[in-house]
Amino acid sequence: RVLERVPSDKPDWKPHPKSFSLAHLAQLVAWMPGWLPNMLREPALNLAGSSPYSRESTATLLELFDRGVRDGRDALSTATDESFSELWSLKMGDRVLMSLPRSAVVRQHFSHMVHHRAQLGVYLRLLDIPVPSMYGPTADERM
């Protein structure tokens, strides 16, 4: 619901010079559910050579998000209890940035998704775009 409200005509908008652009933040929110299959099926993710952020239309972001949610749910439904105790690593080339049990990585990832979705809600508010309900009523939607 939050991604649906992201305007495609303001990709470079930022609330502050040090903030992500609207396009970058929206793309991050759209991509994140699709990272779960790697976390649950692979031993590591190597960020070296990864795709840079780009400007995508809201429609494209919604397609990416929906596909990521489907793939993420599938990965969660097929994960075994034993796999959650295995180590998973985030790398940049040969350098290991972090290595934690999958259970901690997945839990942290869900918190990370919630954090960026909330940031996007703030961006919408600052752009005077009605903020949808995320946990309950908002000033724009009483439910």
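Me: Of the 143 residues of the protein chain, what percentage count as buried?
Reply: This is a predicted model, in which local features need pLDDT of at least 70, side-chain atom pairs count only at pLDDT 80 or more, and totals for chains, interfaces and linings use all residues. Residues are numbered from 1 along each chain as its sequence is written, and side-chain values use heavy atoms, with hydrogens and water left out. Buried means under 20% relative accessible area, exposed over 50%, and partly exposed in between (1.4 Å probe, protein chains only). Of the 143 residues, the share that counts as buried is 33%.

Me: Which pattern does the protein chain follow along the sequence?
Reply: Helices (H or I, at least four residues) and strands (E, at least two) are DSSP runs, numbered from the N terminus. The protein chain has four helices and three strands. Read along the sequence, they give the pattern α-α-β-α-β-β-α.

Me: What percentage of the contacts with a separation of 6 or more joins residues 24 or more positions apart?
Reply: A contact means heavy atoms within 4.5 Å. The C-alpha trace of the chain spans about 45 × 35 × 25 Å along its principal axes. Among contacts with a separation of 6 or more, the part from residues 24 or more positions apart is 65%.

Me: How far apart are the end C-alpha atoms of helix α3?
Reply: The expected span of a helix is 1.5 Å times one less than its number of residues. Helix α3 covers residues 58-78, so its 21 residues should span 30 Å. The separation of its end C-alpha atoms agrees, at 30 Å.

Me: Why do the buried residues of α3 lie on the same side of the helix?
Reply: The buried residues of α3 are Thr58, Leu61, Gly68, Gly72 and Ala75. Because the arc they cover around the axis (taken from the directions from the helix axis to the C-beta atoms) is limited, they lie on the same side of α3. An α-helix has 3.6 residues a turn, so residues three or four places apart point the same way. The arc in α3 is only 110°.

Me: Which exposed residues does the face of α3 turned away from its buried side carry?
Reply: The buried residues of α3 pack against α1 (22-31) and α2 (36-41). The face turned away from that buried side carries the exposed residues Arg70, Arg73 and Ser77.

Me: Which elements do the buried residues of α4 pack against?
Reply: Helix α4 takes in residues 102-126, and its 25 residues should span 36 Å, which agrees with the 36 Å between its end C-alpha atoms. Its buried residues include Val105, His109, Met113, His116 and Leu120. They pack against α1, α2, α3, β2 (87-92) and β3 (95-101).

Me: Is aspartate 128 buried or exposed?
Reply: Aspartate 128 lies in the segment after α4. It has a positive phi of about 60° although it is not a glycine. With a relative accessible area of 68%, aspartate 128 is exposed.

Me: Which residues is threonine 138 in contact with, leaving aside its neighbours within four places in sequence?
Reply: Threonine 138 also lies in the segment after α4. At 14% relative accessibility, threonine 138 counts as buried. Leaving aside those neighbours, its contacts are Val131, Pro132 and Ser133.

Me: How many Å apart in space are lysine 91 and alanine 104, C-alpha to C-alpha?
Reply: Lysine 91 has its place in strand β2 and is partly exposed, with a relative accessible area of 29%. Beyond its neighbours within four places in sequence, lysine 91 is in contact with residues including Ala44, Leu47 and Val96. Alanine 104 is 13 residues from lysine 91 in sequence, and the C-alpha to C-alpha distance is 16 Å.
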